Amino acid sequence: MASTFKYHLKCSSQEAPFDTEEAMKKLKDGNMRYLSGKAKSIGLSAERRAEVAVDQHPFAVILSCSDSRVLPEIIFDQGIGDLFVVRTSGHVAENMAIGSIEYAVEYLGVRLILVLGHKRCGVVDVTIKGGEAPGHIRDVVEAIKPAFEKVKYKQGDLLDNAIRANVKMTVQILSSSKPILAELIEDGMVRVVGGYYDLDTGAVSVIYNPRQSLRGYGVAKWRQGMTILKNIKVYTKIPGTAGILFLILAMVAGFRIWKLGSIG
Ligand SMILES: [Zn+2]
């Protein structure tokens, strides 16, 4: 097995990594605070700085466009040590960006990766207008081009269609990135979703949320259940045979949820 998910090996106790659903809720809640003008900005204090000065436990990776109007910590109302942010123009996921994300996943235990595109993305606009882009901008344009090719005959707003297709493509690139990310996604340890930031309203919407594999879904639900059990310290209260019976019941219930539950 190529990936060892070192976080689990290194971190034996203390802080458990955030679950993907929990992390997604924190982002959504933060964006709601930002939208309603009730941003707390609580994570920017000297106390918070001191708290994370020697150790960090960010709850999500944001791979966003470098656009000056797209500020992950602000639009999600998060502070120091909360988000592991990787930014490239057009959120292009080349090796350095992927390596940075892998670091956050493997060494910091982050489980949710959000690819964040946005309205009126300039570099996507350059791509759809065609022509020869100067210098290394050409590399960025070439990386975005396959997304544009997919929607160039589609009805509607060409730029917006290309932006959304580019988000989807980046999610797919990360999801199939071997050896680390693809494997952890398949195992249900990591999730990648695509978001769209509206420059006018400030709202972030999830525009691409690929289905998890059945195995990944089952593992994620199972782990969620285990986290809940650990949190209520049920193990310390149910000894011996009763504990084993409880565990079997939990497994049966988990399997039923897995079979019945909607996937994705
Ligand atoms: Zn952009």
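Trainee: Among contacts in the protein chain between residues at least 6 apart in sequence, what percentage join residues at least 24 apart?
Mentor: The share is 73%. Two residues are in contact if their C-beta atoms, placed from the backbone, lie within 7 Å. This is a predicted model, where local features need pLDDT of at least 70, side-chain atom pairs count only at pLDDT 80 or more, and totals for chains, interfaces and linings use all residues. Residues are numbered from 1 along each chain as its sequence is written.

Trainee: How many helices and strands are there in the protein chain?
Mentor: The chain has twelve helices and five strands. Both are DSSP runs numbered from the N terminus, helices being H or I with at least four residues and strands E with at least two.

Trainee: In what order do the strands form the sheet?
Mentor: The order is β2-β1-β3-β4-β5, in an open sheet with mixed pairing. Two strands pair if DSSP finds at least two bridges between them.

Trainee: Which strands stand at the edges?
Mentor: Those are β2 (83–88) and β5 (204–208); each has a single partner strand, so one side of each is left without a neighbour in the sheet.

Trainee: How many bridges join β1 to β2?
Mentor: Six bridges join β2 to β1 (residues 60–65), and the two run parallel. Opposite valine 85 in β2 stands isoleucine 62.

Trainee: And which strands does helix α5 touch?
Mentor: Helix α5 (residues 95–108) packs on the sheet and touches β1, β2 and β3. Its direction makes about 170 degrees with that of β2. Axes are lines fitted to C-alpha atoms, for helices over the stretch in contact, and angles run from 0 to 180 degrees between N-to-C directions.
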